[in-house]
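Open the model in a viewer and keep the sequence panel beside it.

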Amino acid sequence: MKIKNANTMASIFGKYGKLGIQLGLFVSIVVFFALMNPVFLTADNALSVARQSTYLAIMSLGQMCVLIVGGFDLSVGAVAALVSIISTMVMLEISDPAVAIIVGILVGLTVGTIVGLLNGFIVATFNVSPFIATLGMMGIINGITLMISSGAPVYGFTEKFSAIFGYGTFLGLPSPVIVSVLIALVMYVLYNMTPLGRHMWAIGGNINAAVLSGLSNMKYKLIAYGISGFMAALTGIMLSARVSSGEPTLGHTMMMTSLVACVIGGVAVGGGAGNVPGALMGVILIGILGNGMNLMNLGAYGQEVVMGVFLLMAIIFDRYMHPGR
């Protein structure tokens with residue numbers, strides 16, 4: 001009976017389309033917050049939502065890679081914080097501003113990618129649940145971050161770093177927005193125009209069939225988790241530029257919001273389904289929801305409750321969208 005009900009709901013969702021459901025949710029949220037606060041529909045507020053959503057967009061696109069191969073990554077927020085601290089410390093050790101920025105960014109991206117590869121290696125080699133593996137990694141990374149920073153922010157890197165990557169503009173657009181757009185284009189090409197993207201979908205869709213056809217489970221999971229770690233590191237670097245410091249708690253809440261954004265955007269928790277436009281739609285929905293709650297002066301704890309509710313709703317939605325996974 002449960003299978004029949006699930007198939008029926010999947011048929012309904014398939015009939016009306018995921019896009020229709022997402023648009024309906026989008027319109028409902030916009031109308032609600034517009035009625036609650038007139039400031040919500042102003043151009044300045046829309047630009048603020050776009051700027052704030054860029055960081056979540058980058059992290060969510062990395063999370064999407066892991067979800068598509070049948071996993072998920074709970075360590076992304078911790079990686080962002082660790083990279084924020086390490087990149088800042090590296091920049092402080094180099095006197096030349098340009099060299100400091102380049103080396104700090106490269107070291108941060110390398111650290112994040114290595115953590116992602118470790119996650120992928122553990123999951124693929126030892127057949128460990130992604131939940132357990134990345135939860136354990138999150139604890140390790142949090143501990144390392146607090147040890148090297150003593151739990152305090154690190155200040156003092158060159159102002160050019162914030163001027164370029166935090167507040168800079170190009171052609172009238174904020175630099176974080178440009179970076180996120182470029183990342184989205186690269187990811188779109190990867191998943192829609194390359195064998196690599198198709199193979200990652202195949203691994204998440206039916207791993208046994210994919211392996212029997214010659215695809216390497218290890219290879220594609222390493223790539224997916226490596227991309228996730230890279231994206232989390234990039235998010236940490238850009239957020240550091242935004243707040244002008246290395247922060248040991250930076251991005252911690254983004255682990256849950258990146259999952260919510262992906263699942264609302266149609267990325268299957270069980271793997272094998274999802275796309276870049278859908279994930280970005282989920283990011284926009286989460287960005288609007290967060291902005292609306294801020295305008296209503298809902299506190300951080302209350303917002304966390306709301307995001308938790310949305311995560312549960314998104315998981316239930318995913319179960320009916322993909323009943324066989």
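Select S175: at a relative accessible area of 13%, S175 is buried (buried means under 20% relative accessible area, exposed over 50%, partly exposed in between, with a 1.4 Å probe and protein chains only). This is a predicted model, in which local features need pLDDT of at least 70 and side-chain atom pairs count only at pLDDT 80 or more, while totals for chains, interfaces and linings use all residues. Residues are numbered from 1 along each chain as its sequence is written, and side-chain values use heavy atoms, with hydrogens and water left out.

Now show what surrounds S175. Apart from neighbours within four places in sequence, S175 has contacts (heavy atoms within 4.5 Å) with I164, F165, G166, G168 and T169. S175 belongs to helix α8, residues 175-193 (helices are DSSP runs of H or I, at least four residues, and strands are runs of E, at least two, numbered from the N terminus).

Next, select I144 in helix α6, which covers residues 130-149. Is I144 buried or partly exposed? Its relative accessibility is 32%, so I144 counts as partly exposed.

Zoom out to the whole protein. Colouring by secondary structure brings up 14 helices and two strands. Of the 325 residues, 49% are buried. The C-alpha atoms fill a box of roughly 65 × 55 × 35 Å along the principal axes. Finally, display contacts between residues at least 6 apart in sequence: 78% of them join residues at least 24 apart.
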